[in-house]
Amino acid sequence: MKYALVTGGSRGIGRAVCLQLADAGYPVLINYASNREAAEETQRQVEARGGKAELLPFNVASPEEVDKAIDDWSESHPDSYIAVLVNNAGIRRDAMMVFMQTEQWNEVINTNLNGFFYVTRRLLKYMLTKRFGRIINIVSLSGLKGLPGQTNYSATKAAVIGATKALAQEAGARKVTVNAVAPGFIATDMTKDMDENTLKTMIPIGRFGTPEEVASLVGFLASEQAAYITGEVISINGGLYT
Ligand code: NAP
């Protein structure tokens, strides 16, 4: 059976992606770092819609935790593999660079960039062997345009965009597609400290996006219909930046 794994599936965009992929028929593995209650709520919502979901907690920034969680899962599911990977887990630790602490830099690099590497490397071999896979990386407007106060975050998202394009070329012959989705401002916990009323005046569509709008794009990229799209970065930002 083909499963979908959503890193950071407990909240925000990740939760909406879990629901979308479950609606598309995938049993979903909900990864999270520490917020078990939120992950269980995602699981409840998937099951309420008739889908299947399992919790798969690990810290994406720890290669040991990633390997152990996936090894254990693979052992207990010998007839299944993870065919869809949504690299969504991410954090921001904003500061102007003159004030940025080494920990703020490293935490963001370890989660947003190294986490992408540890999880993708581990799952790629199954996808290549089975000759089908979908890898969707949630990047950001910040990685395309750069945003002040986010040199750490912008650097990670730009790096994942580069990796998306390189990996798409490595994996295409095995029918594994690799794409990136670059949201602008989306209403989640990550943006709750931002002033939507001021920021929305800069957005042509005039509001923040919803997690469900991002999830619907991810769902399309995960589908059979998107088999010929790879190495792309697709913005979803209400026209804020093109
Ligand atoms: P969010 O509401 O803050 O949720 C973050 C998710 O990531 C949570 O599920 C969290 O798990 C998980 N996570 C964080 N660190 C982790 C780690 N080390 N290991 C495993 N899971 C971890 O964020 P969001 O707004 O939905 O953002 C999701 C993605 O979209 C991120 O990559 C973000 O950079 C990107 N993005 C967001 C926006 C936006 O405006 N919201 C815009 C552009 C891009 P816990 O619940 O356990 O903490």
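## A tour of pockets, helix and loops

Begin with the largest pocket, which has a volume of about 1,000 Å³. You are looking at a predicted model, where local features need pLDDT of at least 70, side-chain atom pairs count only at pLDDT 80 or more, and totals for chains, interfaces and linings use all residues. Residues are numbered from 1 along each chain as its sequence is written, and side-chain values use heavy atoms, with hydrogens and water left out.

A word on terms: on a 1 Å grid over the protein atoms alone, a pocket is an open set of points with protein on both sides within 12 Å along at least five of seven lines, a cavity is a set where a 1.4 Å probe fits but cannot get out, and lining residues have an atom within 4 Å of a point. Grid points are joined across faces, edges and corners, and a volume is the space filled by probe spheres set on the points.

**Stop 1: the largest pocket.** Select Ala89, Gly90, Ile91, Arg92 and Met190, which lie nearest the centre of this pocket among its 44 lining residues. Now colour α1 (12–23), α4 (102–130), α5 (141–145) and α6 (151–171), the elements that give two or more residues to the lining. Helices here are DSSP runs (H or I, at least four residues), as are strands (E, at least two), numbered from the N terminus. The most comes from α1, with three residues. By type, the lining holds 19 nonpolar, 17 polar and eight charged residues, where Ala, Val, Leu, Ile, Met, Phe, Trp, Tyr, Cys and Pro count as nonpolar, Asp, Glu, Lys and Arg as charged, and the others, Gly among them, as polar.

**Stop 2: the cavity.** How many cavities of 30 Å³ or more does a search of the whole structure find? There is one, and the largest cavity has a volume of about 100 Å³. Show Asn87, Asn88, Ala89, Asn112 and Phe116, the closest to its centre of the 14 residues that line it. At least two lining residues each come from α4, β5 (133–138) and α6, with α4 giving the largest share, four residues. This lining divides into six nonpolar, seven polar and one charged.

**Stop 3: helix α2.** Select residues 36–48: these 13 residues reach 18 Å from first C-alpha to last, close to the 18 Å expected at 1.5 Å a residue (1.5 Å times one less than the number of residues). Ala38, Ala39, Thr42, Gln43 and Val46 are buried (under 20% relative accessible area; exposed is over 50%, partly exposed in between, with a 1.4 Å probe and protein chains only). Look down the axis of α2: the buried residues fall within an arc of 145°, so they line one face of the helix (the arc is that of the directions from the helix axis to the C-beta atoms). They pack against α1, β2 (28–30) and β3 (53–55), while on the other side Glu37 and Ala48 are exposed. Just after α2, glycine 50 takes a positive phi of about 90°.

Stop 4: Go to arginine 131, in the loop between α4 and β5. Its phi is near 60°, a positive value in a residue other than glycine, and arginine 131 is partly exposed at 46% relative accessible area. Next, lysine 175 sits in the loop between α6 and β6. Phi of lysine 175 is also positive, near 60°, and at 58% relative accessibility lysine 175 counts as exposed.

Finish at threonine 191, in the loop between β6 (176–183) and α7 (196–199). Is threonine 191 buried or exposed? Threonine 191 is buried, with a relative accessible area of 10%. Leaving aside neighbours within four places in sequence, threonine 191 is in contact (heavy atoms within 4.5 Å) with Ile186 and Phe208.
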